[in-house]
Amino acid sequence: MKYIDKLINLKKEIGHTKMVKLVFKYNGKEKIVYAKEEFSNPSGSIKIRPAYQILFDAIKNGELKEGQRVVEVTSGNMGIALAYLCIRIGNPITIIMPKAMSEERKQILKDLGVDIVLTDNFIEAFKKQKEYGKLNAFLPRQFDNVSNLKAHKETGKEIIDSGVKFEGFISGVGTAGTLIGCGGFLKEKLGKKIIAIDPIESSLLINKTSKGKHKIQGLSDEIIPGIYNEKIVDQIIEIKSDDAIVMARKIKKIFGVGVGISSGANLLGAILSNLDKCVTVFADDDTKYKTTDLSNNKIKSQLVDSIKFISISEVK
């Protein structure tokens, strides 16, 4: 079997995730949010989409060879996704991540046999990655790689094919692949609005530099991604970390769907937007956050408490 065919054989496992319709009432007004359950992807997150596309394009272009080491900076989900694929196609992998990321993410990577390098922050992580680049490692560079955007055009096509009627797309920004890739596609094809979610403790997208730490892992990773295009973003909604945490817990308590903190932020942003119907993503599940404040029941949110959920149903 050809090297690239090993990867192509995995394509059928990725994407085509379920879309759910959530109905809620906020400030006396009933609204609808559609959410793609991306946690059902292999490796447990939306990151398998860009991980596949980045590796596929790199193999096709001759940048990645069989047996060559892959080295990436990540908050966790991309690392897990790349590890899942690299194991299957026979490439060794090193993941560089800040030590503040959840213990579950680190343990999953260790269980996959990944070489993990922990740093104090993302800036240090990127410096480490450059060192590996000098040693002939392949660097996916998810924050700057246009293959990341390319992958999420497929996400956008799936949303269109679902047939739902909506006004805009809402997502947090980690690498910006989801927001700019999927949202940009929906804006180009259907003229839909794009709304970005930004942790208020950081305000990275608004200030162009992080003003502090937040607890929504996977979003606002200390730098403005190279593939982020502010010109096509119609609005930025700032979300408090604790509100996102309580929202994620509420989703599980009310509907039995365990999601990560960024998913709580995405849904809360959709609720606070001026859109009556919008689409967002549940990027990953809650299994990687058991040792974080997602499990801290002392955290409360008057905002989330004021939101009344009415129903959840699968979009057929």
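User: Which helix does Ile4 lie in?
Analyst: Ile4 lies in helix 1, residues 3-8. Helices (H or I, at least four residues) and strands (E, at least two) are DSSP runs, numbered from the N terminus. This is a predicted model: local features need pLDDT of at least 70, side-chain atom pairs count only at pLDDT 80 or more, and totals for chains, interfaces and linings use all residues. Residues are numbered from 1 along each chain as its sequence is written, and side-chain values use heavy atoms, leaving out hydrogens and water.

User: What is Ile4 in contact with, leaving aside neighbours within four places in sequence?
Analyst: Phe56, Ile59 and Lys60. Contact means heavy atoms within 4.5 Å.

User: New topic. Which strands form the open sheet?
Analyst: Three strands, in the order 3-4-5, with parallel pairing. Two strands pair if DSSP finds at least two bridges between them.

User: Which strands stand at the edges?
Analyst: Strand 3 (70-73) and strand 5 (115-119). Each has a single partner strand, so one side of each lacks a neighbour in the sheet.

User: How many bridges join strand 4 to strand 5?
Analyst: Five bridges join them. Strand 4 covers residues 93-98. Thr94, for one, has Asp115 in strand 5 as its bridge partner.

User: How many aromatic pairs does the structure hold?
Analyst: Five. Rings of Phe, Tyr and Trp (its six-membered ring) pair if their centres lie within 6.5 Å; planes under 30 degrees apart count as stacked, over 60 as edge-to-face and the rest as tilted.

User: Why is the Phe24 and Phe309 pair tilted?
Analyst: Because their planes are at 55 degrees, with ring centres 6.4 Å apart. Phe24 lies in strand 1 and Phe309 in strand 10, so the pair ties together parts 285 residues apart in sequence.

User: What about Phe255 and Phe309?
Analyst: Their planes are at 85 degrees, so that pair is edge-to-face. The ring centres are 5.4 Å apart. Phe24, Phe255 and Phe309 form one aromatic cluster.

User: Is Phe255 buried or exposed?
Analyst: Phe255 is buried, and so is Phe309.

Definitions and conventions
Buried < 20%, exposed > 50% of the residue type's maximum accessible area, 1.4 Å probe, protein only.
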